Amino acid sequence: MEEPTASSVVPPPPGAARRVVLGVTGGIAAYKAVELCRRLVDAGLHVVPVLTEDATRFVGEVTFSALASEPVRRSLWHEPDPIPHTRLGQTADLVVVAPATARFLGTYAAGISDGLLTATVLATRAPVVVCPAMHTEMWEHPAVQDNLAVLRRRGVHVVEPAEGRLAGGDRGAGRLAEPAVIAEVVLGLLQRHPTPQDLTGRRVVVSAGGTREPIDPVRFITNRSSGKQGYALAEAAAARGASVVLVTTVQRPVPPGVHEVVAVDTAAAMEAAVLGQAATADVVVMAAAVADFRPVQVAPRKLSKSDGPPQLVLEPTVDILAELGRRRRRGQVLVGFAAETHQVETRAAAKLRSKGVDLMVVNDVSAPAAGFEHDTNAVVVLGADGSRREVPLTSKRQVADAVLDSVVDRLPAGAAGGPARDQQPRSRS
Ligand code: CTP
């Protein structure tokens, strides 16, 4: 195989294709990285494949070398360039590691440079995307989740694995995300990098997750919202310079840059938190799935089977979004979400009008791979001004940025929020 030359890692001339280092580590899903490589090259990117020694046990170097823009690199020592790790990292516009094994994530989180790929991710200032893939037991292990939390806090983008068939015939969470989804994330990040700081000085409140309405001390009524779209919105708003308050019913890693997290459970608690925070907000995004009804009585003790089937009497909760519409500050932009299964846009347009919001993000939750629990979504953004924008199936982070683009278009010029506050993340419950 032809050896790469030192000159192939000098900075590209202006106007050249964006450079993506594609890191491949040793997991069975390495074969999917071949498809990812092809997609990135087809999208016009200059792809430099870096394989770990273990990756070469799963997939042939020649395959990547034939498809990528440069031959495979795999060692700090087989290079004519004496410092390939820093060169690759410095000249990359983005580094994506797919699949990323538990070992790679641990080494990266610990800051250990034990080979060309770990050295490259430590030497780069470009965005880094990791796409974990492993068996469910390993994926769910606290050590792996802690390492991911560390990486996320440092601004590393994580494309979460999907559920499905794993090596050896097992099923569960840990399957590498589809190459199409990873390619979307990579292309989206490259488009945004450097991220526009168009929400600087703005205060953005985002609600996320499904509320829980207690029946007794151990049971509650809830819904299928995972909070993922709300978290993606909070992350995207923070990346665009906003001061973000996330009011959430779910426990997920705090997205990088989000400076306040308010944990709530019931619709009433969410109402109090959101209405309080909205008083000084420039933008409020109600991505949460708020219960419309709650039990009138909460049993003080656990209901027993021997008491017979409980007679649940429900009462309506406050429609927080409609209340926000009534209390709206001047210049404030309000965004609602409508998760629908039928007459999707008609029902969402009616909600847009009745709740008095600027934008309604419409989700057909019966469509494949969109809405609840998925990492991807497909939406239509309806505007009170009659606008309609389709966002085809993509990552929830991409959807978040599309929604925020519509928000930015509607914000009055100049920062209208309260005084800038410290940027340290704070949590309270
Ligand atoms: N919403 C809210 N407070 C509620 C119910 C809903 O703030 N008590 C918000 C949601 O956060 C979402 C929007 O209203 O942004 C639309 O929610 P949805 O459940 O689709 O609409 P509903 O008004 O509850 O109508 P329906 O249940 O009849 O579809």
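This is a predicted model: local features need pLDDT of at least 70, side-chain atom pairs count only at pLDDT 80 or more; totals for chains, interfaces and linings use all residues.
A nonpolar core is a set of buried Ala, Val, Leu, Ile, Met, Phe, Trp, Tyr and Cys residues joined through side-chain atoms within 4.5 Å.

**The largest nonpolar core**

Select Val206, Leu233, Val244, Val335 and Val407: of the 35 residues in the largest nonpolar core, these touch the most other members. To see where the core draws its residues from, colour strands E8 (203-208), E11 (243-248), E13 (283-286), E16, E17 (359-364) and E18 (376-383), together with helices H10 and H14 (396-410); each of these elements gives two or more residues to the core. Helix H10 provides the largest share, 7 residues.

Next, centre the view on valine 244. Leaving aside residues up to four places away in sequence, valine 244 touches Val204, Val206, Ala234, Ala237, Ala238, Val258, His259 and Glu260. A second, separate core comprises 33 residues, and Ala30, Val47, Val59 and Leu190 may be selected as members of it.

**Glutamate 235 on helix H10**

Return to helix H10, which spans residues 228-239 and contains glutamate 235. Is glutamate 235 buried or partly exposed? Glutamate 235 counts as partly exposed because its relative accessibility is 21%, whereas a buried residue would be under 20%.

Display the side chains of glutamate 235 and arginine 397: a polar contact of 2.6 Å joins them. Beyond residues up to four places away in sequence, glutamate 235 touches His157, Pro255, Pro256, Val258 and Arg397. For proline 256, 21 residues from glutamate 235 along the chain, the C-alpha to C-alpha separation from glutamate 235 is 6.3 Å.

**The ligand and its shell**

Now select the ligand. Which of the 17 residues around the ligand come nearest? They are Met286, Ala288, Leu321, Lys351 and Lys355.

- Alanine 288 places a polar backbone atom 2.7 Å from an oxygen atom of the ligand.
- Leucine 321 has a backbone N or O atom 2.8 Å from an oxygen atom of the ligand.
- Isoleucine 320 has a backbone N or O atom 3.0 Å from a nitrogen atom of the ligand.

The ligand taken alone exposes 570 Å², of which the protein buries 79%.

Finally, colour the shell by element and by residue class. Helix H12 (320-327), strand E16 (333-340) and helix H13 (344-355) each supply at least two residues, and E16 gives the most, with 4 residues. By class, the shell consists of 10 nonpolar, 2 polar and 5 charged residues.

Notes. Residues are numbered from 1 along each chain as its sequence is written. Side-chain values use heavy atoms; hydrogens and water are left out. A residue is near a molecule or strand if one of its heavy atoms lies within 4 Å of it. A polar contact is a pair of N or O atoms within 3.5 Å; within protein, one must be able to donate a hydrogen and the other to accept it, and residues adjacent in sequence count only if both atoms are side-chain atoms. Accessible areas come from the Shrake-Rupley method with a 1.4 Å probe; for residues, only the protein chains shown count as cover. Ala, Val, Leu, Ile, Met, Phe, Trp, Tyr, Cys and Pro count as nonpolar, Asp, Glu, Lys and Arg as charged, and the others, Gly among them, as polar. Buried means under 20% relative accessible area, exposed over 50%, partly exposed in between (1.4 Å probe, protein chains only). Contact means heavy atoms within 4.5 Å.
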